[in-house]
Amino acid sequence: MKIVYPICCGVDVHKTFLVATLITSKGIMPQYSKKRFSTFNNSILQFKQWLIDNNCYDVCMESTGKYWVPVYNLLEDTIRVTIANPKWVKAVKGNKDDKKDSKWIGDLFRLGLVPGSYIPEKPIRILREYTRYRSKLVSCRSSEKNRFQNAFTVCNVALDAVVSDMFGKSATSITDYLISSDTFDPEICSSFLQKSLKKKADAVVESIEGYQMSQAQKERMIMVRSHLDYVTNSIDELDQKVDRLVKPYEGAIKLLCTIPGVKRASAITIISEIGTDMSQFANSKRLCCWAGLTPGNNESAGKKKSVRITRAGVYLKPALVQVAHAAVKSDKSPYYKVKYERIYKRRGKKRAIIAIARMILTAIYNMFDTGEVWNPSDLFKIDMPQEMMDKQKQKAVKQAAKLLISLGLIKETDISVA
């Protein structure tokens, strides 16, 4: 096999130490030099100097948890670091240790058999930390909302069956009243209702009357509510900091917002995951595969096995699926809606929504690559003026009639001119 990197290094990274194997190609047989370093900063800098002294500027290491990040941070300015997915460099069980693992990584990398993972530039990595933390906080807020709502359910309060939003103004006033008061007055409860909910006053009172709520249960509800308010304030504060971080990418955000279903928050999440420089990906197919939106290719002995999508894109994929759901419901831009309806009739709704998410990501790739706004090449087929649609229909009728006449199925005199 062709040697891609004559001088390279394979690194097996752990929490407290790393094992490096330097490979130098001289003649037929490669020469190996192994060394162990600590993962403390001064030791990583010694490792960096050791690489430079041996004229090695190509390093490959496995993405083990977050342990590779400190090493990458100190090497990226001088050394070309390739971060490998563990499934591509995993050694055979029963014949592995730290030294053998680093040698195996180096051997595969030397022959160009290790595809590198996409690692964005540092500003994007910092933005990614914020957006991913926000995603966790939103999930935490949803859990607290469910916990708060369930606390009322177990106390025989069925308010959530009447109101559409347990955290709206009317419902919040009622829940605060129930927690703070020892008695229940239907008139006071009805006075909290606003707008269209006033029509449901009798149903609201009926859903609460006869409830059982001890003091200990009220105290727990107060704790849950205070934590919910704290998480909500944290999300608001985080949004302000994210807005400051994305100022250099405002143009890219406006570009993404031209896609149906994409709002500002979704655009920021997408940029934090894939960046704006598409040169990191060879083509749009590679980006879709990296995001976990490409069907699997698993065939053996002429039999096609599972084509399930991979688990990649843990944060990007949900964001794109959310955008796809919004896009297929849009009446202003029915482009993705029409495509979704065509696909789900044949393949089902779940596969159809993944297909739409992939279409959107392909569009994002081309938009970032060319700098053009969202404008699919086949948009005219869906969003077509009525005059053009009538012309195409007349043309199709003429072609169909011509075909039937040529086959002898009808005569030219049988066609009536409308």
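This is a predicted model: local features need pLDDT of at least 70, side-chain atom pairs count only at pLDDT 80 or more; totals for chains, interfaces and linings use all residues.

Student: Which residues in α11 are buried?

Tutor: They are S266, A267, I268, I270, I271, S272, E273 and I274.

Student: And what covers the buried residues of α11?

Tutor: The cover includes helices α5, α9, α10, α12, α13 and α15.

Student: What happens just after α11?

Tutor: G275 sits there, with a positive phi of about 70 degrees.

Student: OK, switching to R128. Where does it lie?

Tutor: R128 is in helix α5, which covers residues 122–153.

Student: Is R128 buried or exposed?

Tutor: Its relative accessible area is 13%, and buried means under 20%, so R128 counts as buried.

Student: What does the side chain of R128 reach?

Tutor: The backbone oxygen of S272, at 3.2 Å. S272 is one of the buried residues in α11.

Student: Which residues does R128 touch?

Tutor: Leaving out residues up to four places away in sequence, R128 touches Y118, P120, S272, E273 and W290.

Student: New topic: at what angle do α1 and α2 pack?

Tutor: About 55 degrees, with their axes 10 Å apart. That angle makes α1 oblique to α2, and their crossing is right-handed.

Student: Which residues meet there?

Tutor: From α1 you have N41, I44, L45, F47 and K48, and they meet P70, V71, L74 and L75 of α2. By type, the residues of this contact split into seven nonpolar, one polar and one charged.

Conventions:
Residues are numbered from 1 along each chain as its sequence is written. Side-chain values use heavy atoms; hydrogens and water are left out. Axes are lines fitted to C-alpha atoms, for helices over the stretch in contact, and angles run from 0 to 180 degrees between N-to-C directions. Helices (H or I, at least four residues) and strands (E, at least two) are DSSP runs, numbered from the N terminus. Angles under 35 degrees count as roughly parallel, over 145 as roughly antiparallel, 65 to 115 as roughly perpendicular and the rest as oblique. A crossing is left-handed if the near helix is turned anticlockwise from the far one by less than a right angle, and right-handed if clockwise. Contact means heavy atoms within 4.5 Å. Ala, Val, Leu, Ile, Met, Phe, Trp, Tyr, Cys and Pro count as nonpolar, Asp, Glu, Lys and Arg as charged, and the others, Gly among them, as polar. Buried means under 20% relative accessible area, exposed over 50%, partly exposed in between (1.4 Å probe, protein chains only). A polar contact is a pair of N or O atoms within 3.5 Å; within protein, one must be able to donate a hydrogen and the other to accept it, and residues adjacent in sequence count only if both atoms are side-chain atoms.
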